[in-house]
Amino acid sequence: MIIVMRKEATEAQINHLVEKLKEKGLTAHISRGTERTIVGAIGDERVLQAVPLEAFPGVEKSVQILQPFKLVSREFKPEPSVVSVGPVKIGGGHFGLLAGPCSVEDWESLRETALKIKASGANLLRGGAFKPRTSPYAFQGLGEEGLKLLARAREETGLPVVTEVMNVNQVELVSRYADMLQIGARNMQNFDLLKAVGQGTKPVLLKRGLSATIKEWLMSAEYILSQGNYDVVLCERGIRTFETYTRNTLDLAAVPAAKELSHLPVVVDPSHATGRRSLVGVMARAAVAAGADGISIEVHPHPEDALSDGDQSLLPEEFDQTVKALEPLLRIEGKKW
Ligand code: PEP
Ligand code: MN
């Protein structure tokens, strides 16, 4: 249920309502918009129905949220959310340009990549230290050593870092080094992990699961918000279809669809979506045209030697060209970065 407060509602009236909801065993989530405050009341529907919400002072109306996802819905928060990652903003006209290697491999290549992507205009450094690999024999990532290298790259470049957390036990460790926690596609429905990052304070990049519907993806985001962490950015990274020419099928319609249903920012990862270097730039442009709030691109100084995802990694020069081609589109879309 969402409870829309009157424009002139006072803090005392909002607090009174929130206290009453808590007394009934319901949870209250407050969303302060530019115009008015909305209170989301979540809990047992029968208890909720019995509370005369519109009789509370300061309440304008109460509306039932029909979607199964509540806090992530546009009904709960009509304005787009802006998520801050250190000094960088994503959403509401702010564009996140994430780039970096698939895996953190060594200091020299990470440093070179970070400096070059920054010079090209990237505002966030991505790179995996804990890697979800299909084969147990493939490179699994440098672990904490990789996190330390990411933190060092942040010190040298000023770029906030985004890196994957694969399980609940890693949340505390990864949060110590990262500015944003990535939940990978394979973990989109690891509900314990979603709850754990929801109880933390770091913003979360939630990648869409390999075979997840848009609604399942939004329900996963709901898990994070329901624990109190509202700083979630959705990432479309392609879904599994019958097509094998591309690694995945980039579901571009998911971008405007998710933005229609939710206030959360949506970014696109054309690297994992296509799996082919030649297709990354053009799909990045398509993502901007579809209204994405950011893109995430894999870059490696020597893709032929990359320990993971070399086929889809751009050379730093190719990344630079890609960004240059995006700039006029970003201006048309009115995006700042
Ligand atoms: C990644 O971004 O490093 C990654 C593993 O992507 P995904 O979870 O989308 O496959
Ligand atoms: Mn990768």
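Predicted model: local features only at pLDDT ≥ 70, side-chain atom pairs only at ≥ 80, totals over all residues.
**Notebook: the cavity and the ligand site**

Next I checked how many cavities of 30 Å³ or more the structure holds. I found one.

Which residues line the largest cavity? I noted C102, R126, G127, G128, K131, V162, T163, E164 and Q182. I then sorted this lining by class and got two nonpolar, four polar and three charged residues. I also looked up which element gives the most to the lining, and strand β9 (residues 161-164) does, with three residues.

Then I turned to ligand 1. The space that ligand 1 takes is the largest pocket. Around ligand 1 I listed R126, K131, P132, E164, Q182, G184, A185, R186, K207, R237 and H272. By class, I have this shell down as six charged, three polar and two nonpolar residues.

For R237, a polar side-chain atom lies 2.6 Å from an oxygen atom of ligand 1. For R126, an N or O atom of the side chain is 2.7 Å from an oxygen atom of the ligand. For R186, I read 2.9 Å between a polar side-chain atom and an oxygen atom of ligand 1.

How much of the accessible area of ligand 1 does the protein cover? I got 97% of the 300 Å² that the ligand has on its own.

Methods. Residues numbered from 1 in each chain as written. Chains lettered and ligands numbered in written order. Heavy atoms only, no water. Near = heavy atom within 4 Å. Polar contact = N/O pair within 3.5 Å; in protein donor to acceptor, adjacent residues only side chain to side chain. Areas by Shrake-Rupley, 256 points an atom, 1.4 Å probe, with all protein chains shown as cover. 1 Å grid on protein atoms, 1.4 Å probe; cavity = no way out; pocket = protein on both sides within 12 Å on 5 of 7 lines; lining within 4 Å. Sits in = over half its atoms within 2 Å of the grid points. Nonpolar A, V, L, I, M, F, W, Y, C, P; charged D, E, K, R; others polar. Points joined across faces, edges and corners; volume = space filled by probe spheres on them. Helix = DSSP H or I, 4+ residues; strand = E, 2+ residues; numbered from the N terminus.
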